[in-house]
Amino acid sequence: MIEFAALFAVAGAASNAVGTAFQRKAAATTRSSGLRLLAELVRRPAWVIGMAGVIGAAVFQSLALVNGPLALVQPLFILELPFALLAASSLMHRRLPGRGWWGVGGVVAGLALALASAAPHGATDEAPLTRWVPALVLSVGAMTAAVLTAGRRRPPALRAALLGAAAAIGNALTAALLKSATGTFADHGFTAFLTAWQTYGFALAGVSAVVLLENALQVGPLAASQPALTIGDATVSLALGIVLFDEKIRTGWWLLPVLLGALLIIAGVLALSRAVQNIVDTGR
């Protein structure tokens with residue numbers, strides 16, 4: 001079923017990217033922040049379309065997590081970055097320069113190399129509270145620290161990156177809780193799903209991640225928030241998969257191509273981040 005997990009994860013990344021692009025378009029026209037920002041955005045059609053993309057991504061993500069390990073599914077969401085930048089370029093009637101396409105290639109090739117070499121495998125849907133408690137404390141603590149550091153006196157790009165990183169941790173935590181909750185649903189039925197604390201945990205974490213993402217998109221450029229969001233999500237999800245669900249990756253000499261893949265991803269992200277500053281107007 002690992003192939004289905006990968007397919008659903010890629011579909012989720014594409015859906016979330018389109019949703020993010022529409023949300024960015026809506027958020028760029030307001031100066032509000034916090035919950036007031038969210039209350040204003042819900043009345044905008046572009047934001048509603050964006051949320052439909054996000055909801056679709058959540059459905060695909062659930063299907064992916066049921067069929068495969070967290071350490072495979074969430075890193076595939078790195079593809080959201082090139083998808084999002086390409087979607088945003090189309091919405092704004094702009095065109096990525098040549099280096100942007102090299103960035104897309106670097107991200108895709110690096111991700112393929114890293115995942116093929118690491119070969120994430122082995123997973124369980126359940127984790128004891130002795131693992132959940134420290135994972136929750138560290139995740140929420142890191143999110144809080146990032147938000148507090150992203151004060152109004154910080155440069156816009158840094159604020160966007162910090163809030164994007166906080167949203168990334170929230171997304172990874174949401175995915176871990178979602179995996180556990182959907183596993184409960186698959187194994188024990190709908191009643192058990194409704195009574196599981198993870199069900200309400202992923203809902204709360206998901207809402208928090210959405211609020212953080214909206215503010216990250218509003219305070220600074222997509223080139224700052226999106227890399228922090230996608231790379232942070234993959235990294236934290238990998239750690240949570242290993243710690244919570246006993247997922248495994250190949251080690252030994254396999255770590256060399258994994259490292260090379262990670263470097264290609266970083267190079268691709270940096271190329272995309274620079275390219276988005278020089279997007280060419282298509283004149284439409």
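Predicted model: local features only at pLDDT ≥ 70, side-chain atom pairs only at ≥ 80, totals over all residues.
Colleague: What makes up the chain, in helices and strands?

Modeller: The chain has twelve helices and two strands. Along the sequence the pattern reads α-α-α-α-α-β-α-α-α-α-α-α-α-β. Of its 284 residues, 50% count as buried. Among contacts between residues at least 6 apart in sequence, 86% join residues at least 24 apart.

Colleague: Why are Asp246 and Arg131 called a salt bridge?

Modeller: The cut-off is 4 Å between a side-chain nitrogen of Lys or Arg and a carboxyl oxygen of Asp or Glu. The side chains of Asp246 and Arg131 meet at 2.9 Å, N to O. That is within the cut-off, so the pair is a salt bridge. The structure holds one salt bridge. In general, side chains of opposite charge can pair when their charged atoms come close.

Colleague: Which parts of the chain does the Asp246 and Arg131 pair link?

Modeller: Distant ones, 115 residues apart. Asp246 is in the loop between α11 (222-245) and α12 (255-275), and Arg131 is in helix α7 (residues 129-149).

Colleague: What makes the phi of Asp246 worth a remark?

Modeller: Most residues other than glycine have a negative phi. Phi of Asp246 is near 60 degrees, a positive value in a residue other than glycine. Ala119 has a positive phi too, about 45 degrees, although it is not a glycine. Ala119 lies in the loop between α6 (98-118) and α7.

Colleague: Why is Ala119 called partly exposed?

Modeller: Its relative accessibility is 25%.

Colleague: Which residues touch the most other members of the largest nonpolar core?

Modeller: Trp132 and Leu244, in a core of 38 residues. Helix α8 (residues 156-188) gives the most to this core, with seven residues. Another core lies apart from it, with 22 residues, including Met143, Leu162, Ala166 and Ala168.

Colleague: What is Leu244 in contact with, beyond its neighbours in sequence?

Modeller: Leaving aside neighbours within four places, Leu244 is in contact with Glu126, Ala127, Arg131, Trp132, Ala135 and Ala176. Arg131 in that list is also the salt-bridge partner of Asp246.

Colleague: Why is Thr174 called buried?

Modeller: Its relative accessible area is 12%. The limit for buried is under 20%, so Thr174 qualifies. Thr174 sits in helix α8. Beyond four places in sequence, Thr174 is in contact with Phe202, Ala205 and Gly206. Thr174 and Ala209 are 35 residues apart in sequence, yet 8.3 Å apart in space, C-alpha to C-alpha.

Colleague: How do you know that Thr184 is buried or exposed?

Modeller: Thr184 is at 12% relative accessibility, under 20%, so Thr184 counts as buried. Thr184 lies in helix α8. Outside four places in sequence, Thr184 is in contact with Gly189, Ala192, Phe193 and Ala196.

Colleague: What makes α1 and α3 roughly parallel or roughly antiparallel?

Modeller: The angle decides. The axes of helix α1 (residues 2-27) and helix α3 (residues 45-67) cross at roughly 165 degrees and come within 7 Å. That angle is over 145 degrees, so α1 is roughly antiparallel to α3. α1 passes α3 in a left-handed crossing.

Note on methods. Residues numbered from 1 in each chain as written. Heavy atoms only, no water. Helix = DSSP H or I, 4+ residues; strand = E, 2+ residues; numbered from the N terminus. Core = buried A, V, L, I, M, F, W, Y, C linked by side-chain atoms within 4.5 Å. Buried < 20%, exposed > 50% of the residue type's maximum accessible area, 1.4 Å probe, protein only. Contact = heavy atoms within 4.5 Å. Axes fitted to C-alpha atoms, helices over the stretch in contact; angles between N-to-C directions. Parallel < 35°, antiparallel > 145°, perpendicular 65-115°, else oblique. Left-handed = near helix turned anticlockwise from the far one by under 90°.
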